[in-house]
Amino acid sequence: MKETYSRSKSVWQRMNARERKAAMAYGEKYKAFLDTARTERLAAAEIIRRAEEKGFKPVYIMKSLKAGDKVYWNQKDKSVILAVIGKEPVHEIVGSHIDSPRLDLKANPVHEQDGIVYFRTHYYGGIKKYQWTCIPLALIGVVFTKDGKKVDINIGLKDSDPVFYVSDLLIHMAQDQMKKTLAEGITGEQLQAVAGTHSEEGQTPKDAIMALLKKEYGIEEEDFAAAELELVPATKSRDVGFDRSLIASYGQDDRVCSYANLEAILDAKPGVKTQAALLTDKEEIGSYGNTGMESSYFVKFVMKLLALQGQGSLLDFYETMENSEMLSADVNSCLDPMFPEVSEKDNASFLGYGINLTKYGGSRGKSGSNDANAEFLQKVRKIFNDAGVCWQIGELGKVDQGGGGTIAFMMANWGVEVVDCGTSMLSMHAPCDLLSKADAYETYLAYKAFFESR
Ligand code: MN
Ligand code: MN
């Protein structure tokens, strides 16, 4: 069995030929997921499709539950919970999120300026705005027409599709722009995506685009007010490096953990405890809204499971939560050799050194952090060591430098034991971010080992 903890040898150096092959094969399946599950709605649909294939049933049709039953909860097509019922009601939860930073269309997005038709946007999640210019963008989401018809939009992912594009100023005329800070060089209002220019005589370009939308999709201008349309990078995921050891793609925060979570619960042997894979929406904007973790849907789900097992009291619920354990499965930063000044090397994670166990996140004095209990860290560390999972520790930046939050503290509020545990990556929240196939594979092995632990 390979050495599970090392700060001097990468996972690649510790793997045998069979393990390396398995990690590379996992990378292929993971890339296919990234290219399919580009938004939270597409991710939720793909997760449910895969789960149904493996015999998971919607929990709302169940009359009772027994050990071994596989059920799922669909929260408004944007969040999903999968569960394999155990002999005991307590849960082993792996909680990840399926939303990613992007540009959302405003409610009145179409506007024309100097012959060009634009979509006005409001960005979703934390982004470096200048990174979202000059890249091909796909438009994905839903629109309702006045008579209530739901229209699914998915334009830009197929090679034959057109894409959308946010322009930046050419370098030749950018003297003044180049003196601005990176935060000010491109403003939020400048993140407008070009949607067309063609029109015929006697017609404005905006009229022409609206006529095209009416003809092809039945959409009128007012319908954008009853829509959720997202601009996401259109480029497919790619291998990086001569050795193909890395993956560059949009949305790996947090689909690397979400994909590992999905594969782990589908592959894990059923346990004594109930296994639950939580794949939630809205993490990137603070977990608000009724598809986010601050809302009540996970609580309702657990209560529903308990009721179907004849244990519906409030006390049963609290005891279940108190005795449950969770890996908060979200990505973390790792040491970037091009920006070493933001990390403290002895407590940073490294690219390709295994799944990252993070006792606390938060910022400047652990503020807002879950700060996991040592007892639970010991338990998780032992699970990984016993199962041969490569893991490492890693803080999010130097003490006074950075910080960030996950869904960990929200579950801890119910009494659940939680620790942050996910994949390390570079260029997080960029339109195309980077991580190691070895780390992605160890993330899957880690979640599977956690589900299978007693
Ligand atoms: Mn995340
Ligand atoms: Mn994030």
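Reply: Let us begin with a definition: a salt bridge is a side-chain nitrogen of Lys or Arg within 4 Å of a carboxyl oxygen of Asp or Glu. In this structure, which is a predicted model, Glu-28, Lys-31, Asp-239, Arg-244 and Lys-437 are linked in a network of such bridges.

Me: How many salt bridges does the structure hold?

Reply: There are 33 salt bridges. Among them is a pairing of Lys-9 with Glu-3, at 2.9 Å from N to O. Lys-9 is partly exposed, with a relative accessible area of 37%, and Glu-3 is partly exposed as well, at 38%.

Me: Are Lys-66 and Asp-69 buried or exposed?

Reply: The cut-offs must be stated here: buried means under 20% relative accessible area, and exposed means over 50%. Lys-66 has 56% and is exposed, whereas Asp-69, at 14%, counts as buried. The side chains of Lys-66 and Asp-69 meet in a salt bridge of 3.1 Å, N to O.

Me: Which parts of the chain does the pair of Lys-78 and Glu-228 tie together?

Reply: The side chains of Lys-78 and Glu-228 form a salt bridge of 2.8 Å, N to O. Lys-78 lies in the loop between β2 (70–75) and β3 (79–84), while Glu-228 belongs to strand β10 (residues 227–233), so the pair ties together parts that are 150 residues apart in sequence. Lys-78 is buried, with a relative accessible area of 10%; Glu-228 is partly exposed at 30%.

Me: Where should I look for nonpolar residues in the interior?

Reply: In soluble globular proteins, nonpolar side chains tend to be buried together. Here the largest nonpolar core has 60 residues, of which Leu-82, Phe-384 and Tyr-447 touch the most other members. Helix α12 (residues 437–452) gives the most to this core, with nine residues. Apart from it lies another core, of 32 residues, including Phe-119, Leu-137, Ala-193 and Met-210.

Me: What is Phe-384 in contact with, leaving aside its neighbours within four places in sequence?

Reply: Phe-384 is in contact with Thr-4, Leu-327, Ile-355, Leu-357, Val-389, Trp-391, Cys-421 and Ala-446, once those neighbours are left aside.

Me: How is a helix to be read, and which residues of α6 are buried?

Reply: An α-helix has 3.6 residues a turn, so residues three or four places apart point the same way. Helix α6 (residues 205–217) has 13 residues and reaches 18 Å from its first C-alpha to its last, close to the 18 Å expected at 1.5 Å a residue. The buried residues of α6 are Pro-205, Ala-208, Ile-209, Met-210 and Leu-213. Their cover includes β5 (102–113), β6 (116–124) and β9 (193–196). After α6 comes Gly-218, with a positive phi near 75 degrees.

Me: How many residues of α7 are buried?

Reply: Helix α7 is mostly covered, with 15 of its 16 residues buried. This helix (residues 252–267) reaches 21 Å from its first C-alpha to its last, close to the 22 Å expected at 1.5 Å a residue.

How values were computed
Residues are numbered from 1 along each chain as its sequence is written. Chains are lettered from A and ligands numbered from 1 in the order in which they are written. This is a predicted model: local features need pLDDT of at least 70, side-chain atom pairs count only at pLDDT 80 or more; totals for chains, interfaces and linings use all residues. Side-chain values use heavy atoms; hydrogens and water are left out. A nonpolar core is a set of buried Ala, Val, Leu, Ile, Met, Phe, Trp, Tyr and Cys residues joined through side-chain atoms within 4.5 Å. Buried means under 20% relative accessible area, exposed over 50%, partly exposed in between (1.4 Å probe, protein chains only). Helices (H or I, at least four residues) and strands (E, at least two) are DSSP runs, numbered from the N terminus. Contact means heavy atoms within 4.5 Å. The expected span of a helix is 1.5 Å times one less than its number of residues.
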